[in-house]
Amino acid sequence: MVLTTVRRLRIAGFVALAVVPACLGASGHSDGTTDLQDGADDTTASHPATSSTTSDSGDGSEPDASESSSGEDGSTGTVSSSTSSDATDTGSTSETGTPSGTSSSEETSSTTTSPESSGSDEDSTSGDESTSSADASGDESSGSGPCERPRTLKEAGACIGLRKGGAGIHIGAAVARHWLESEVAYRELLLREFDSLTPENEAKWDVLQPSRDTWYFEPADALVDFAQSEALTVRGHTLVWHSQRPYWIDAIQDAEDMRAAMRAHITATLDHFRGRVPRWDVVNEAFADGIEWNGTWLRDWRATQLLGSGYIAEAFQMAREVDPDIDLFYNDYNNDGRGGKADQIYAMVEDLVEQGVPIDGVGFQLHINATPTQITPGGQFWSSLYPNFYNVDAFADNIDRYAALGLKVHITEMDVRVRSPFHHPDHAPDGTSRNSTPITATEARLQANIYYDYVSACVEKYPACDAITFWGVADQYSWYAPDPALPFDATYAPKAAYDAIMAALEEVPYIAPQ
Ligand code: XIL
């Protein structure tokens with residue numbers, strides 16, 4: 001009842017004025033946990049409609065990977081500056097500088113209050129210097145703690161630690177250096193809502209080592225330095241991947257040379273980021289969507305051709321030798337479902353664990369399609385590279401089976417497409433195109449419910465699942481744009497999806513506005 005009242009006040013935009021009785025939360029267990037969830041049982045999160053009809057970015061596409069990460073985009077703003085919004089805009093992003101992500105819409109103003117950051121993260125992960133925004137001791141002036149009414153995603157994620165013990169769930173976003181440096185609103189939203197970032201392209205093999213033994217750390221350093229100075233943690237992405245690899249790899253002719261190239265890349269990268277990036281996707285997307293290499297589901301590229309399936313274990317071993325203090329992840333898509341690729345990947349990971357290969361966790365990308373398989377104009381089913389539909393029960397089961405192996409699970413790249421399953425127009429069958437009109441109420445509801453279900457599964461399985469990263473900060477720069485796939489719209493205003501994620505993190509029901 002009390003929470004319901006508080007939530008209604010928040011919805012009405014009076015969060016700063018809401019007086020919250022202290023009885024609900026800070027009951028002070030010796031381990032710092034509280035019993036918040038009990039009071040939430042009868043609570044319904046009747047979240048407001050949001051300003052999600054303002055998708056005005058049109059063709060506001062992200063610079064391509066090489067541009068955004070090569071530093072050749074003309075961007076000169078420094079990330080610590082707060083006045084550079086108009087300095088280097090590329091033109092495709094005009095009118096996005098809503099201050100602090102505040103929506104002009106009354107309906108969304110309730111979610112824009114900035115939290116006081118007080119750094120109580122108890123994360124014991126070695127090398128993780130992040131601080132969380134939820135202070136277990138609460139706000140003494142009002143007698144209430146932020147966990148009674150978390151105001152941001154990161155606060156709500158950290159509060160899970162307060163309720164259940166541990167550091168809570170890190171909430172992250174894939175970040176593109178270009179937008180971070182050129183748009184104040186992008187940066188402010190990132191700092192307000194997230195306590196983790198993943199370089200979207202800047203730490204991939206092709207950027208870090210474009211020619212053999214030639215290193216280019218500057219774009220990734222810019223992101224990691226920013227994260228450190230702002231107390232965000234970082235997910236390193238990614239060391240060994242067939243895609244966005246430098247092309248010199250394809251000229252490698254023998255196994256020893258491939259091994260040497262892998263070792264050199266892993267060693268130089270982990271040495272460079274030592275103490276600054278506490279977890280890495282060591283191998284990314286090693287599996288195809290069906291049989292591809294030598295009768296297996298492994299991807300056919302230089303690493304498998306020269307080293308066989310063993311390159312995966314070798315990469316993990318090399319990474320552990322270089323840095324024993326970081327968490328090492330295998331990351332993929334379509335590993336969250338049942339059967340097929342999900343089972344292939346599980347069997348491989350199980351095998352790694354049984355062999356004693358140093359692996360700490362598995363990343364589920366969760367690039368989710370909200371709509372079932374579409375039928376092409378020719379009448380054939382399109383076999384998407386990405387999941388054709390979603391199945392949150394299977395996801396929960398997958399968390400369990402990986403946790404039973406003693407592994408951590410992260411949601412690493414979540415977004416929810418509500419339209420075409422085609423992430424690139426060139427991949428779409430003739431006659432289909434992505435629709436850039438604003439998200440409809442129906443789409444927003446569908447998307448919000450899917451976000452709610454998946455985030456709830458992670459929360460339910462905490463601490464096995466303790467990090468959730470969304471693949472982008474806001475819709476207009478998502479790799480799926482103009483499909484509005486993220487929790488924030490092109491004006492940086494929270495969408496229905498945001499309210500659903502907040503409800504999931506707070507472990508209260510979410511009822512989408514009708
Ligand atoms: C994507 C980026 O978002 C795009 O900007 C880039 O052009 C291609 O890669 N799986 C991954 C991510 O592991 O690295 C990919 O990121 C999305 C799919």
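Me: By definition, a crossing counts as left-handed if the near helix is turned anticlockwise from the far one by less than a right angle, and as right-handed if it is turned clockwise. Which is it where α14 passes α15, left-handed or right-handed?

Reply: In this predicted model, α14 passes α15 in a right-handed crossing.

Me: At what angle do α14 and α15 pack, and how far apart are their axes?

Reply: The angle between helix α14 (residues 441-461) and helix α15 (residues 496-506) is about 25 degrees, and their axes are 8 Å apart. Angles under 35 degrees count as roughly parallel, so α14 is roughly parallel to α15.

Me: And how does α4 cross α15?

Reply: Helix α4 (residues 153-164) crosses α15 at roughly 15 degrees, and the two axes come within 9 Å. That angle therefore makes α4 roughly parallel to α15 as well. The crossing of α4 and α15 is left-handed.

Me: Turning to the ligand, how many residues surround it, and which are closest?

Reply: The ligand is surrounded by 14 residues, of which Glu200, Lys204, His237, Glu413 and Trp471 are the closest. Sorted by class, this shell has five charged, six polar and three nonpolar residues.

Me: Which side chain has an N or O atom 2.9 Å from a ligand oxygen?

Reply: That side chain belongs to Asn284. The side chain of Gln244 also places an N or O atom 3.1 Å from an oxygen atom of the ligand. For a nitrogen atom of the ligand, a polar side-chain atom of Gln365 lies 3.3 Å away.

Me: What share of the ligand's accessible area does the protein cover?

Reply: On its own the ligand has 410 Å² of accessible area, and the protein covers 85% of it.

Me: Now the backbone. Where does the peptide bond from Tyr462 to Pro463 stand, cis or trans?

Reply: The bond from Tyr462 to Pro463 is cis, with omega near 10 degrees. Pro463 sits in the loop that joins α14 to β9 (465-470).

Me: What about the bond from Ala481 to Pro482?

Reply: The Ala481 to Pro482 peptide bond is cis too, with omega near 10 degrees. Pro482 belongs to the loop between β9 and α15.

Me: What is phi at Asn294, then, and where does the residue lie?

Reply: Asn294 is not a glycine, yet its phi is positive, near 55 degrees. Asn294 is located in the loop between β4 (279-284) and α10 (302-307).

Key: Residues are numbered from 1 along each chain as its sequence is written. This is a predicted model: local features need pLDDT of at least 70, side-chain atom pairs count only at pLDDT 80 or more; totals for chains, interfaces and linings use all residues. Side-chain values use heavy atoms; hydrogens and water are left out. A residue is near a molecule or strand if one of its heavy atoms lies within 4 Å of it. A polar contact is a pair of N or O atoms within 3.5 Å; within protein, one must be able to donate a hydrogen and the other to accept it, and residues adjacent in sequence count only if both atoms are side-chain atoms. Accessible areas come from the Shrake-Rupley method with a 1.4 Å probe; for residues, only the protein chains shown count as cover. Ala, Val, Leu, Ile, Met, Phe, Trp, Tyr, Cys and Pro count as nonpolar, Asp, Glu, Lys and Arg as charged, and the others, Gly among them, as polar. Axes are lines fitted to C-alpha atoms, for helices over the stretch in contact, and angles run from 0 to 180 degrees between N-to-C directions. Helices (H or I, at least four residues) and strands (E, at least two) are DSSP runs, numbered from the N terminus. Angles under 35 degrees count as roughly parallel, over 145 as roughly antiparallel, 65 to 115 as roughly perpendicular and the rest as oblique.
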